[in-house]
Amino acid sequence: MPVLWTTALILTLAALGFVMGRARALSLLGSDGSKLHSLPAYHGWSVALATLLPALAALWLWALVQPSLLERQMLHQIGSAAVVEPADAPLMVADIRRVATGLDVLARNGLMAARDIAQIDSTTTDLRGLFAANGVALGSDVPPHILSAAQSYRATEQSAAGIRTALVLALAVIGFGLGLRRVDSQFRARNSVERVVLGLLVLASGIAIATTVGIILSMLVETRSFFQLYDWKAFFFSPDWSPQFHGGSDLGILPLLWGTLYISVIALIVAVPIGLFAAIYLSEYATRRMRATLKPVIEVLAGIPTIVYGLFALATVGPMLRDYFAQPLGLGTSSASVMTAGLVMGIMLIPFVSSLSDDVVSQVPQAMRDGSLALGATKSETIRQVIVPAALPGIVGAVLLAASRAIGETMIVVLGAGAAAKLSLNPFEAMTTITVKIVSQLTGDSDFAAPETLVAFALGLTLFCITLGLNVIALFVVRRYRERYE
Amino acid sequence: MSDIQTPQNSLLRTDARTRQRSAAERRFRAYGVVAIAISLVALATLLVSILSSGLGAFSQSTIQIPVTLSQSVLDKSGTRDPAALRKVTTIGYAKLLNTALTQALAAKGIPTDGLGRKELAGMISKEAPAQIRDMVLANPDLIGSTVSVSVLSGGRIDGYLKGRVTLQSAERDGNVTPRQLQLADAMQDAGLLSRQINWGFLSAPDASDQRPEAAGLGVAILGSLYMMLIVLALALPIGVAASIYLEEFAPKNALTDLIEVNIANLAAVPSIVFGILGLAIFINVAGLPQSAPIVGGLVLTLMTLPTIIISTRASLKAVPPSIRDAALGVGASKMQTVFHHVLPLAAPGILTGAILGLAQALGETAPLLLIGMVAFVRDFPQAPPEGFFDPASALPVQIYNWTQRADPAFTERAWGAIIVLLAFLLIMNIAAVLLRRRYERRW
């Protein structure tokens with residue numbers, strides 16, 4: 001029985017358990033309503049959860065573990081018939097799976113009886129042609145050991161599915177029975193249900209940690225295999241980036257790091273003054289109506305997806321900069337350049353800097369403003385000499401967070417900055433960044449185990465560490481230097 | 001009183017220093033105004049750019065001609081047998097269309113001397129024979145009659161009507177000749193060629209490089225919809241559950257601190273790192289199919305989770321402690337307080353946060369690129385739940401895909417797709433604002 005049907009059956013059983021548990025509790029109520037410890041609904045829930053949770057947990061654990069166990073069995077069987085290189089193992093497993101799928105299709109379409117399928121001889125039947133006629137494509141003809149492995153895979157999978165269904169349904173029924181038996185007037189159903197719900201809540205919070213652990217582990221493992229194939233000193237210190245399809249590539253991160261930092265600096269030069277001044281004007285000088293209209297309008301810039309900014313850079317800003325600045329000044333002929341990407345990224349970051357600065361500036365207490373004005377300072381002097389220094393840690397934190405956003409940005413640089421990795425000071429030349437190369441190395445045609453593809457994981461880990469470092473420093477700066485008023 | 005001269009240090013006479021300070025004050029104010037003006041100009045330029053380049057994608061030039069569906073070509077046996085009808089390929093239909101075009105031109109008195117057969121055939125889109133074939137296969141009774149059809153014109157002809165292609169550029173272009181453009185003028189005057197609203201842009205699947213006129217967003221919109229469903233079904237329950245635990249039940253110890261710092265960091269991690277996570281775990285380890293909405297949905301769930309957790313926590317914090325105390329006072333347990341009293345009151349804020357998180361997830365491109373969603377997908381995915389495992393595309397990825405193609409007609413379609421994406425985002429944001437206004441309580 002497929003997993004979906006089993007799950008549906010368990011859910012129905014759980015619903016039935018709820019109804020019966022609740023009914024049983026109600027029947028125990030007696031003449032006055034105070035004989036039960038918990039409300040009848042909780043008794044119903046306790047039966048339902050007892051049915052549901054062990055069965056579903058067993059089902060998911062089985063589904064998680066089954067593929068790797070089957071794979072190991074397949075490889076063991078093949079290993080006795082033919083020599084298998086470790087690099088070929090995944091391909092062989094994929095082949096076996098595809099042949100098994102093809103046999104399934106034949107059985108399902110009724111083209112061959114089950115007995116005949118078990119006795120197919122791959123040397124006499126054109127399996128490849130037969131499969132192709134039914135929509136299953138194979139890359140090459142099927143050798144006998146693959147065919148027998150596929151047949152035993154099918155057999156094992158079917159029996160495993162049967163055992164799984166039986167086990168899970170048995171667990172559900174046992175849970176149902178035990179849960180129902182527990183229902184009596186003294187049973188603390190509410191406490192037990194609440195304990196289970198608390199456990200589920202803790203599990204949900206654990207997913208957040210699991211995500212971070214997953215990110216770090218997945219990148220670490222592949223980065224380790226990368227550094228086994230390529231020297232780490234060359235990766236971190238070589239100024240050349242030129243991956244070759246046939247090996248012998250130069251994979252140095254320095255040109256990518258330079259491009260990333262250059263574009264981020266230009267983006268911050270655009271975003272920080274504009275964002276800061278906009279925030280200061282809106283919070284100090286603007287009337288309430290002006291602020292209520294203008295603030296959401298500037299926030300619109302934050303809600304636009306980055307692919308839109310990317311296309312804007314590619315199709316509008318790039319050619320404009322090239323035609324009016326780069327070509328007349330003789331600085332470059334490319335429409336994709338550091339300046340294009342930096343400018344557009346700066347526009348994207350304006351609302352980010354503006355809203356974060358606005359928050360910090362409005363947290364400075366009014367007493368400081370009043371005191372400064374009372375001493376005779378003008379409004380701008382108050383802002384420049386009292387408010388901004390007081391809000392400075394928050395503003396620095398905002399700038400660091402904006403920098404972290406700029407460094408991690410992908411689509412604007414993919415479309416607006418070009419793919420040439422070079423170390424140059426000319427902002428009107430095309431330079432590429434770490435994120436662009438991650439995308440290009442992972443969506444290219446190279447073999448997954450080659451250093452050219454694995455370098456993307458090393459780049460990703462470097463990027464993650466840089467942005468994490470910036471975020472932690474921002475948090476630290478804000479916490480350590482923030483003035484506490486009253 | 002005698003005339004008192006204004007003394008030196010009077011407030012009625014501004015000295016140089018005060019004038020300097022006032023000027024500095026005016027300049028500072030002006031900087032603020034300039035900063036806001038620059039932001040508004042940038043936004044305006046962006047919007048004007050989008051609308052001027054993208055609105056053209058919603059109209060498409062079509063040719064309206066009567067086509068004789070002659071039985072001798074389409075159904076030689078005369079039995080209307082579906083299998084036999086299917087054997088007639090688009091080549092046969094293309095011949096019919098070319099004949100129909102020549103006849104229509106002759107009927108309107110438009111001279112076609114000097115135009116080769118290929119040039120005449122090039123006026124009609126290569127997708128058009130497939131259109132007619134689908135029409136006939138759906139309704140075989142049409143064979144033998146003459147129907148008036150509206151078929152897409154060729155990509156370059158469409159570009160001519162929209163101003164992208166000119167007579168000068170046609171001389172250097174390998175796909176169109178100036179004679180074809182002059183014929184297009186004549187056809188327009190005669191009423192055979194016109195621009196119509198292109199509903200196929202929203203419903204048709206993507207098309208190959210030679211047929212930009214037939215490319216559409218159907219598969220992309222469906223794929224994005226599936227992914228949003230998965231994100232809603234997974235991120236909302238898990239996010240709310242995690243927030244409830246962290247806000248109400250978690251003891252204040254080092255482990256909880258770690259979880260909180262973790263979530264704040266995850267919210268600031270670049271989206272491409274989530275793409276790497278998706279590739280390494282969901283595709284390599286778990287073996288899920290590439291380019292499937294399930295993988296995209298799972299990756300986007302992980303990305304949206306921190307946003308939902310942060311906004312839910314803010315909503316839960318906003319419920320005043322008096323509500324909790326009152327519930328505990330009448331004998332509710334902690335869990336009952338949270339689920340029966342606090343959560344319903346925080347619900348509007350939670351929903352608003354969820355809608356905004358979804359809107360953010362809709363526009364993400366980078367993680368989807370890494371899980372293989374750049375694939376050119378021609379078939380619509382099936383209905384859920386099997387459809388979650390079929391290959392599909394997504395709106396932002398389709399936009400990216402189209403910008404990478406050489407034909408400028410695809411760039412126009414990319415701008416049009418951006419208009420569609422922004423329309424969806426606008427709807428979602430307005431829904432969130434309305435929800436907030438209608439249901440939010442100020443304590």
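**Note on salt bridges in the predicted model**

1. In this predicted model, the side chains of Glu119(B) and Arg179(B) form a salt bridge at 3.0 Å, N to O, the term meaning a side-chain nitrogen of Lys or Arg within 4 Å of a carboxyl oxygen of Asp or Glu. Because Glu119(B) lies in helix H5 (residues 117–121) of chain B and Arg179(B) in helix H9 (residues 178–190) of chain B, the pair ties together parts 60 residues apart in sequence; helices (H or I, at least four residues) are DSSP runs, numbered from the N terminus. Glu119(B) is buried, with a relative accessible area of 12%, whereas Arg179(B) is partly exposed at 42% (buried means under 20% relative accessible area, exposed over 50%, partly exposed in between, with a 1.4 Å probe and protein chains only).

2. Arg378(B) and Glu127(B) also meet through their side chains in a salt bridge, at 3.6 Å, N to O. Arg378(B) sits in the loop between helix H17 (366–370) and helix H18 (395–403) of chain B, and Glu127(B) in the loop between H5 and helix H6 (128–138) of chain B, so parts 251 residues apart in sequence are tied together. Arg378(B) is partly exposed, with 38% relative accessibility, while Glu127(B) is buried at 13%.

3. In chain A, a salt bridge joins the side chains of Arg369(A) and Glu284(A) (3.0 Å, N to O). Both Arg369(A) and Glu284(A) are buried.

4. Asp158(B), Lys162(B), Arg164(B) and Glu412(B) are linked in a network of salt bridges, and the count over all chains is 20 salt bridges.

5. Residues are numbered from 1 along each chain as its sequence is written, and chains are lettered from A in the order in which they are written. Local features need pLDDT of at least 70, side-chain atom pairs count only at pLDDT 80 or more, and side-chain values use heavy atoms, leaving out hydrogens and water.

Key: Helices (H or I, at least four residues) and strands (E, at least two) are DSSP runs, numbered from the N terminus.
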